[in-house]
Amino acid sequence: MPTDTDLRTARREAILEIVGEGSVSSQAALVESLEARGFSVTQSSVSRDLQELGVAKVRGAYRVIEAAQASLDETLEAVAPLLRDASPAGPHLTVLHTAIGAAQGVAVVIDRAAWPEVVGTVAGDDTLFIATSGRPTQRRLLARLRPWLTE
């Protein structure tokens with residue numbers, strides 16, 4: 001009899017296969033695909049799995065955004081065309097604009113980069129808020145982001 005850990009591992013492998021096969025545009029569609037493969041899942045467990053697997057919605061479809069798949073520079077280079085501009089919003093918040101639907105994927109890349117300037121991120125659809133500890137770290141963050149911005 002498989003354990004909960006075995007089932008979770010198998011479900012996560014199936015998620016990666018499904019996401020890799022094409023454009024999954026919603027968690028509901030992913031739940032349906034998993035159920036078709038024999039997995040009984042809830043949307044909340046799929047949501048947790050996506051987060052832990054480094055899967056995010058980019059340009060309307062779920063994609064694996066895993067810093068471990070490539071060097072950080074390659075990962076940043078991959079998301080660079082999605083970046084638009086960045087500006088400070090007070091001493092602790094930087095607003096980063098992205099292509100529509102790309103903010104969550106970019107947030108995953110920035111979070112996994114573990115830059116010392118970044119305290120945390122919050123992403124919407126095309127806007128990302130990046131928290132910093134103060135003005136000096138915010139300036140360093142903006143300097144780090146500037147080469148990747150398409151403005």
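The model is a predicted one, and its protein chain has 151 residues. The secondary structure of that chain comprises six helices and six strands, while the C-alpha atoms, taken along the principal axes, fill a box of roughly 55 × 25 × 25 Å.

- Read from the N terminus, the elements of the protein chain follow the order α-α-α-β-β-α-β-β-α-β-β-α.
- Of the residues in the protein chain, 41% count as buried, and the accessible surface amounts to about 8,200 Å², with 51% of that area belonging to carbon and sulfur atoms.
- When contacts in the protein chain are taken between residues at least 6 apart in sequence, 55% of them join residues at least 24 apart.

**Packing of helix α1 with helix α3**

- Helix α1, which spans residues 4-21, packs with helix α3, which spans residues 43-53, at an angle of about 75 degrees and with the two axes 11 Å apart.
- Because angles of 65 to 115 degrees count as roughly perpendicular, α1 is described as roughly perpendicular to α3.
- On the α1 side the contact is made by Arg8, Arg11, Arg12, Ile15 and Leu16, and on the α3 side by Asp49, Leu50, Glu52 and Leu53.
- Sorted by class, this contact of α1 with α3 holds four nonpolar and five charged residues, with no polar residues taking part.

Conventions. Residues are numbered from 1 along each chain as its sequence is written. This is a predicted model: local features need pLDDT of at least 70, side-chain atom pairs count only at pLDDT 80 or more; totals for chains, interfaces and linings use all residues. Side-chain values use heavy atoms; hydrogens and water are left out. Axes are lines fitted to C-alpha atoms, for helices over the stretch in contact, and angles run from 0 to 180 degrees between N-to-C directions. Helices (H or I, at least four residues) and strands (E, at least two) are DSSP runs, numbered from the N terminus. Angles under 35 degrees count as roughly parallel, over 145 as roughly antiparallel, 65 to 115 as roughly perpendicular and the rest as oblique. Contact means heavy atoms within 4.5 Å. Ala, Val, Leu, Ile, Met, Phe, Trp, Tyr, Cys and Pro count as nonpolar, Asp, Glu, Lys and Arg as charged, and the others, Gly among them, as polar. Buried means under 20% relative accessible area, exposed over 50%, partly exposed in between (1.4 Å probe, protein chains only). Accessible areas come from the Shrake-Rupley method with a 1.4 Å probe; for residues, only the protein chains shown count as cover.
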